[in-house]
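Work each one with the structure open before reading its solution.

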Amino acid sequence: MLKGFSYSIFDLNEINEVEALFSTPDLLGFNVTIPYKEKIIDYLDELSDEAEKIGAVNCVLIQDGKKIGYNTDAVGFEKTLLLHKKSHQDSALILGNGGAAKAVKYALDKHGISSKIISRNSEINFDNLDKETVQNHKIIVQCTPVGTFPNVEDCLNFPFEGLSKEHLIIDLIYNPNYTQFIIKASEKGAKTVNGYYMLEQQAEKAWEIWNFQKK
């Protein structure tokens with residue numbers, strides 16, 4: 001426990017309720033989660049370079065009356081990726097197109113890893129994604145909330161038969177530890193990683209920001 005600090009949950013029914021949150025006494029900042037990582041931008045005074053390029057914010061700093069948006073998801077995902085990626089894994093499928101998916105794409109682009117976004121409305125979507133496409137992309141990043149507690153039996157419609165031991169599967173969900181997506185991917189021999197390490201690393205980065213150690 002850090003003396004003199006507390007970390008609390010602020011449940012919002014609508015994004016405009018954040019305006020009242022900004023007036024909370026002694027508030028240094030807060031994290032932003034699904035579904036507000038993109039919507040929060042309209043309520044901020046400025047963005048870090050990374051957050052502006054990504055188009056999503058998951059960390060807000062309040063400094064001298066200014067509300068500044070950062071993205072620490074990209075750092076958390078990048079560290080997770082580099083810890084597990086093998087040299088032959090040079091192209092990726094990103095499942096989902098929300099704020100977390102944007103941070104993932106930013107990190108993949110940074111390391112020269114080509115990627116395709118799969119969503120309900122993309123050209124390649126969850127209805128027509130086929131085994132061959134999965135076989136040709138050795139990194140799969142699951143960025144949707146499907147399978148998160150308490151809906152732990154839910155799973156994306158995905159051609160798991162396209163997976164092999166050559167694949168790296170990163171599911172950004174960390175509760176539960178093993179989503180149905182990870183379980184089914186593991187059954188095909190793929191290397192699987194959940195989102196817990198990413199959670200830790202983005203939190204470390206957020207702590208640096210709130211302590212003005214890194215801008």
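**Exercise 1. Determine the strand order of the open five-stranded sheet and identify which strands stand at its edges.**

Solution. The order is β6-β5-β7-β8-β9, and the pairing is parallel. Strands here are DSSP E runs of at least two residues and helices are H or I runs of at least four, numbered from the N terminus; two strands pair if DSSP finds at least two bridges between them. The edges are β6 (114-118) and β9 (191-193); each has a single partner strand, so one side of each lacks a neighbour in the sheet. On average, neighbouring strands are turned by 15° against each other, direction ignored. Axes are lines fitted to C-alpha atoms, for helices over the stretch in contact, and angles run from 0 to 180 degrees between N-to-C directions.

The model is predicted: local features need pLDDT of at least 70, side-chain atom pairs count only at pLDDT 80 or more, and totals for chains, interfaces and linings use all residues. Residues are numbered from 1 along each chain as its sequence is written, and side-chain values use heavy atoms, with hydrogens and water left out.

**Exercise 2. Describe how β7 pairs with β5 and β8, and state which way its residues point.**

Solution. First, take the pairing with β8: β7 (residues 139-142) and β8 (residues 168-171) run parallel over four bridges. Within this pair, I139 has L168 as its bridge partner, and V141 stands opposite I170. Next, turn to β5, which is joined to β7 by four bridges, also in the parallel sense; here L93 stands opposite I140. Finally, inspect the side chains: I139 and V141 point one way, I140 and Q142 the other, and all are buried, that is, under 20% relative accessible area, where exposed is over 50% and partly exposed lies in between (1.4 Å probe, protein chains only).

**Exercise 3. Identify which residues touch the most other members of the largest nonpolar core, and which element gives the largest share.**

Solution. A nonpolar core is a set of buried Ala, Val, Leu, Ile, Met, Phe, Trp, Tyr and Cys residues joined through side-chain atoms within 4.5 Å. The largest one has 18 residues, of which F77, V104, L108, V141, I170 and L172 touch the most other members. Two or more residues come from each of α3, β5, α4, β7 and β8, and α4 gives the largest share, five residues. Leaving out residues up to four places away in sequence, V141 touches F77, L93, I94, L95, V104, I170 and L172. A second, separate core of 15 residues includes L95, F126, F158 and L163.

**Exercise 4. State how many disulfides the structure holds, and examine C143 and C155.**

Solution. There are zero disulfides, a disulfide being a pair of cysteine sulfur atoms within 2.5 Å. For C143, the nearest cysteine sulfur, that of C155, is 14 Å away. C143 is buried, at 9% relative accessible area, whereas C155 is partly exposed, at 24%.

How values were computed: Contact = heavy atoms within 4.5 Å.
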